[in-house]
Amino acid sequence: MKDVEFSYSARTNDQLLKIKYWQVKQGQQIFLHGPSGSGKSTLLNLICGLITADTGSINILGESFDGMSSHQRDKYRAKHIGYIFQQFNLIDYLSAIDNIKLAQYFSSQALSANFLEEIEQLLSNLHLSEHEFHRPVKQLSVGQQQRVGIARALINKPKLIIADEPTSSLDHSSRDSFIEILSSLCLQQNASLVFVSHDMSLRDNFDSSIALDEINNVGN
Amino acid sequence: MFFNLAAKSLLNRKGSVILTVLAFSISMLVMFGVEHIREQAKSSFTHSVSGVDLIIGTRTGELNLLLYSVFRMGKPTNNMDWQSYIDINKNPLVSWSIPLSLGDSHRGFRVLGTTTDYFEHFSYGSQQPLKFINGKALNSIFDVVIGSQVAQKLNYQVGDKLTLSHGIGSTSFTNHDDIRFQIVGILQATGTAVDQTLHVSLQGLEAVHLPKEQRKSLIKIKDQTLININTLQPKSVTAVMVGLKSRVHAFKVQRQINTSRKEPLMAILPGIALAELWQTLSTAENTLRIISFLVIVSTLFGLSAMLLTSIRERQQEIKLLRMIGASPYFIYWLIEVEALLITLISTVIALSLLTLSIVFSKHYLLNQYGLSINVNIFTLNTLSAIGILILLTVIAAFPPSLLAFKEAKNHKT
């Protein structure tokens, strides 16, 4: 990410982000923190290609968003980026399996022959029991939902996982196991992880930690 | 995947979706019902008579002649001479002719004096001849053949006896009490005025109008078959239905009659006259269509409002779909397809309900109102109506879909 500037309105004094240079190495697990309203979510939307920067260039996994149409960015995001929200990670009227299938559908990758087994294997690894696979996810607990969220984010084997405060709705014990599962799965797939939180107690679980203020030069 | 998503999303909002489907089904039932019955009424109307090339009567309005000869409505202005009927029959272009004599009634039903030619040549619908459920055609002068509704309403059976009244009201002060007619046949329901008619021989009608003394002597005659009694030559008839040897000559014969120097007569082509008459009824027809269309429009507004509200509840879902790679167009069409699914389900429900209700009321409608309704509602008309409905649904779903599209496009955190 180089010389990226972004503001929601045209006036420059409303600028939210101004990043000279920031990079995450392949496979690195990074903890990004900052107070709310500091532009964390905006940064994530930029990385995902949901919004485009006013200036500068963003390179994800060796490809630049600059020349892509919004449709290409949608496709790219579906294929290469796994995103985990704070909550509402799933379409609540679909089952866990259908949610994961939907993520696969948007990536437009060819279905492997044992795709369903793959999903089931992944869900089992996330400590979900088989009878929960086909129930609408709104019947699952919040912790279970977040774990299905991991499976959904990882199904297309993306090389970049972004987690936006995924543990803030979880209690202490399920929070720890969530982070453990997430980081081990990222390691297994050699995916980079950007974990965003304002909870500083979590920073020790990651390779490195960085405050948004350190890379954002707005106001400096 | 796409349809699965739309269908499951609808299932997730069962309550409001079911209500919308119900409202939509009912308004479609009204629309398809009106449209179908309108079509059927029109065809049953224009098929009241078929195979008759000309109807001839004394000079009056075309409409008037048509109304009293075919629909037994209104009063004949004047009768035509018996000799004229004989002349028409002798015309080399004429294949057959049926004399009709009107003016009497039986408990509100019109009595038609005619000959056995009527049962042989008269046809309705698409050249369907008259059929008997029970009994046979007229044979003796005091025989009567009744239409299906007459039999049903007055609970008559073959062998029952009845008397005629003078005039056409349901209560008449001049009853022809001393002559009793016997029912020899009951006709199958046709969905035309035939169902409400009692058919007697011209001679029978002549007989009831004789002076009292002559009537008494007539009743005493043993052999009352029509062939035996040839003294009762009628002096006049109300109208004559004519079948030509070739249809091509219809206009020629019509002109011959209209311009004849003998008795002033007029001839009409029933097909054309019926179509013209239906035209005058088209105002009522169009009013019905407009009402049913407005009902549909109001339901579509309801559908639009329902979806619009749902979008506000589904912001999270849209955000998620975007994040896992759905384009804003996907979101747009997701909402459109949800609307189309509602329309499709409602159409199926409405058409099934309509078919069911026609199947169950067909018999009743024919017997009570003389309306013959076809069970098959899948006409070209229905199919094009469904096409228009789909188009209207796409338009009605445009505002909510557009809102969802914008929601998807302007990604805010």
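Which side chains, those of A:Glu118 and which other residue, meet in a salt bridge? The close-up views below take up this pair and several others in a model that is predicted, in which local features need pLDDT of at least 70, side-chain atom pairs count only at pLDDT 80 or more, and totals for chains, interfaces and linings use all residues. Residues are numbered from 1 along each chain as its sequence is written, chains are lettered from A and ligands numbered from 1 in the order in which they are written, and side-chain values use heavy atoms, with hydrogens and water left out.

**View 1. Salt bridges within chain A.** The side chain of A:Glu118 meets that of A:Lys157 in a salt bridge, at 3.5 Å from N to O; a salt bridge here is a side-chain nitrogen of Lys or Arg within 4 Å of a carboxyl oxygen of Asp or Glu. This pair links distant parts of the chain, 39 residues apart, since A:Glu118 lies in helix α4 (residues 115–125) and A:Lys157 in the loop between α5 (142–154) and β8 (160–164) of chain A. Helices (H or I, at least four residues) and strands (E, at least two) are DSSP runs, numbered from the N terminus. A:Glu118 has a relative accessible area of 29% and is therefore partly exposed, given that buried means under 20% relative accessible area, exposed over 50%, and partly exposed in between (1.4 Å probe, protein chains only). A:Asp199 forms another salt bridge, with A:Arg175, in which the closest N and O atoms are 3.1 Å apart. Here A:Asp199 sits in the loop between β9 and β10 (208–211) and A:Arg175 in helix α6 of chain A, 24 residues apart. A:Asp199 counts as partly exposed because its relative accessibility is 24%, whereas A:Arg175, at 12%, is buried.

**View 2. Salt bridges within chain B.** The side chains of B:Glu317 and B:Arg314 meet in a salt bridge of 3.1 Å, N to O, and both of these residues are buried. Elsewhere, a network of salt bridges links B:Glu35, B:Arg38, B:Glu39, B:Glu285 and B:Arg289. Over all chains, the structure holds 16 salt bridges.

**View 3. The interface of chain B and chain A.** In this view, 24 residues of chain B are in contact (heavy atoms within 4.5 Å) with 29 residues of chain A. The area buried between the two chains is about 2,400 Å², and carbon and sulfur atoms give 68% of it; buried area is the accessible area (1.4 Å probe) that two parts lose on being put together, summed over both. B:Met1, B:Met323 and B:Ile324 supply 30% of the area that chain B buries against chain A, more than any other three residues. Two salt bridges are counted between the chains, and A:Asp74 and B:Arg322 meet in a salt bridge with their side chains at 3.0 Å, N to O. On the side of chain B that touches chain A, the elements giving two or more residues are α1 (2–12), α12 (315–323) and α13 (328–369) of chain B. The largest share of that side, seven residues, comes from α12(B).

**View 4. Aromatic pairs.** The structure holds 18 aromatic pairs over all chains; rings of Phe, Tyr and Trp (its six-membered ring) pair if their centres lie within 6.5 Å, and planes under 30 degrees apart count as stacked, over 60 as edge-to-face and the rest as tilted. A:Tyr105 and A:Phe106 form an edge-to-face pair, 5.3 Å centre to centre with 70° between the planes. A:Tyr105 is partly exposed at 36% relative accessibility, whereas A:Phe106 is buried, with a relative accessible area of 4%. B:Tyr332 and B:Phe398 also form an edge-to-face pair, at 6.3 Å centre to centre and 65° between the planes. Ring pairs link A:Tyr105, A:Phe106, B:Phe2, B:Phe3 and B:Phe330 into a cluster.

View 5. B:Ser292 lies in helix α11 (residues 282–313) of chain B and is buried, with a relative accessible area of 2%. Leaving aside residues up to four places away in sequence, B:Ser292 touches B:Val30, B:Met31 and B:Val34. B:Ser105, in strand β3 (residues 94–106) of chain B, counts as buried at 0% relative accessibility. B:Ser105 and B:Gly167 are 62 residues apart in sequence and 6.1 Å apart in space, C-alpha to C-alpha.
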